[in-house]
Amino acid sequence: VYLRKRKGFVKYALQHGYSLTPVYAFGETDAYANLQVGMKLRLRLNKGLFGSPQGLPTVLPHGWRFLPSLPKPGTKMHVVVGPP
């Protein structure tokens, strides 16, 4: 594994002997919608505050009508878990 000077959790996990399990989900884009309210403010926050180069991601996911944090009912998702 070639990591150079990167400082991420994968590098630290490999250096300290932890095993990582790759996980990927298919269909999660169908489970939620992004609400389109307040777009001017959200785009301004994406550019950065007070001249900072990094902005804030301003995604407003919305799933099920009564409990927006849950995915839409009937959404098919497939999760693949690899070996550690």
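**Exercise 1.** Among contacts in the protein between residues at least 6 apart in sequence, what percentage join residues at least 24 apart?

*Solution.* The model under study is predicted. Take the contacts whose partners are at least 6 apart in sequence; 59% of these link residues at least 24 apart.

**Exercise 2.** Determine how many helices and strands the protein has, and give their pattern along the sequence.

*Solution.* The protein contains two helices and four strands. Read along the sequence, these elements follow the pattern α-β-β-α-β-β.

**Exercise 3.** State what share of the residues counts as buried, and describe the accessible surface.

*Solution.* The protein has 84 residues, and 8% of them count as buried. Its accessible surface comes to about 7600 Å². Carbon and sulfur atoms account for 63% of that surface.

**Exercise 4.** Find the aromatic pairs and classify each by its geometry.

*Solution.* A pair of aromatic rings is described by the distance of the centres and the angle of the planes.

**Exercise 5.** Classify Phe26, Trp64 and Phe66 as buried, partly exposed or exposed.

*Solution.* Buried means under 20% relative accessible area and exposed means over 50%. Phe26 has 43% relative accessibility, so Phe26 is partly exposed. Trp64, at 32%, is partly exposed. Phe66 has a relative accessible area of 58% and is therefore exposed.

Definitions and conventions. Residues are numbered from 1 along each chain as its sequence is written. This is a predicted model: local features need pLDDT of at least 70, side-chain atom pairs count only at pLDDT 80 or more; totals for chains, interfaces and linings use all residues. Side-chain values use heavy atoms; hydrogens and water are left out. Buried means under 20% relative accessible area, exposed over 50%, partly exposed in between (1.4 Å probe, protein chains only). Contact means heavy atoms within 4.5 Å. Accessible areas come from the Shrake-Rupley method with a 1.4 Å probe; for residues, only the protein chains shown count as cover. Rings of Phe, Tyr and Trp (its six-membered ring) pair if their centres lie within 6.5 Å; planes under 30 degrees apart count as stacked, over 60 as edge-to-face and the rest as tilted.
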